[in-house]
Amino acid sequence: MNELINKGEKRESVLSNDEQERVADVFKEVIGNDKITIKQEPHSPEDPPLVITEDEFLRRWSEMSKMGGGMPGMGDMPASYNVVINTNHKLVKKVVDTKEPEDKKKVAKQLYDLARLSKNILTGKDLNDFVARSMEIIG
C-alpha cells in the first residue's frame, strides 16, 4: 500500500457509511479475534481487497524474542495485526451485495484467508479449511 509516501491524493470510498459498517461487521464476525484491528480505507481498485499489517514495534519485539533477545521476564508479546479493507475493491463490494448471510461470510472468510496466506500466517487447520473451501468454490 502507498501509505508510506503521501502523494497528496484523497480517494473517496465507493461504499456508503452504512455499507462500510455492514462490511466491518461481517469481517469482525468472520475473524472473531479482538486482538485484530479492522480498518477501512479507500485505496485503488487495483490494490488488494484486504491487507494485513503488523505494528513495527511488536514485529521487531517478536523477532528479538525468537533470537533470545527482548527483556527478561516479559515473555512473548502476542501477535497483533491490522486488517485493512480496501473499500474500493470489487470483491469487498461483493461482500456488501451478497444477499445470503452464509455466502457473505464465505466470501469474507476467503478474502481474509487469502490476506493471511500472503503474509504466511495461515497455518494448520485454518490452511486445510482454506484449501477445502477453495476446492468447493472451484468445483
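Modeller: Buried means under 20% relative accessible area, exposed over 50%, and partly exposed in between, with a 1.4 Å probe and protein chains only. Helices (H or I, at least four residues) and strands (E, at least two) are DSSP runs, numbered from the N terminus. This is a predicted model, in which local features need pLDDT of at least 70 and side-chain atom pairs count only at pLDDT 80 or more, while totals for chains, interfaces and linings use all residues. Residues are numbered from 1 along each chain as its sequence is written, and side-chain values use heavy atoms, with hydrogens and water left out.

Colleague: Which residues of helix 5 are buried?

Modeller: A general idea comes first. An α-helix has 3.6 residues a turn, so residues three or four places apart point the same way. In this structure, Phe130, Arg133 and Ser134 are the buried residues of helix 5. They lie on the same side of helix 5, because they cover an arc of only 105° around the axis. The arc is that of the directions from the helix axis to the C-beta atoms.

Colleague: Against what do the buried residues of helix 5 pack?

Modeller: They pack against helix 4, residues 101-118. Phe130 counts as buried because its relative accessibility is 8%. Apart from neighbours within four places in sequence, Phe130 is in contact (heavy atoms within 4.5 Å) with Gln110, Asp113, Leu114, Leu117 and Leu122. Phe130 and Leu114 are 16 residues apart along the chain, and their C-alpha atoms are separated by 8.5 Å.

Colleague: What span is expected for helix 5?

Modeller: The expected span of a helix is 1.5 Å times one less than its number of residues. Helix 5 has 15 residues and reaches 21 Å from its first C-alpha to its last, close to the 21 Å expected.

Colleague: How many salt bridges does the structure hold?

Modeller: A salt bridge is a side-chain nitrogen of Lys or Arg within 4 Å of a carboxyl oxygen of Asp or Glu. The structure holds eleven salt bridges. One of them joins Glu136 and Lys106, at 2.5 Å from N to O. This pair links distant parts of the chain, with Glu136 in helix 5 and Lys106 in helix 4, 30 residues apart.

Colleague: Where do the partners Arg116 and Asp126 lie?

Modeller: The side chains of Arg116 and Asp126 meet in a salt bridge of 2.9 Å, N to O. Arg116 lies in helix 4 and Asp126 in helix 5, ten residues apart, and the pair links distant parts of the chain. Arg116 counts as buried at 10% relative accessibility, whereas Asp126 is partly exposed at 31%. Salt bridges that share partners join Lys109, Asp113, Arg116, Asp126 and Arg133 into one network.

Colleague: How many residues apart are Arg22 and Asp18, which both lie in helix 1?

Modeller: They are four residues apart, about one turn of helix 1 (residues 17-31). Arg22 forms a salt bridge with Asp18, and the closest N and O atoms are 3.4 Å apart. Arg22 is partly exposed at 39% relative accessible area, and Asp18 is partly exposed at 45%.
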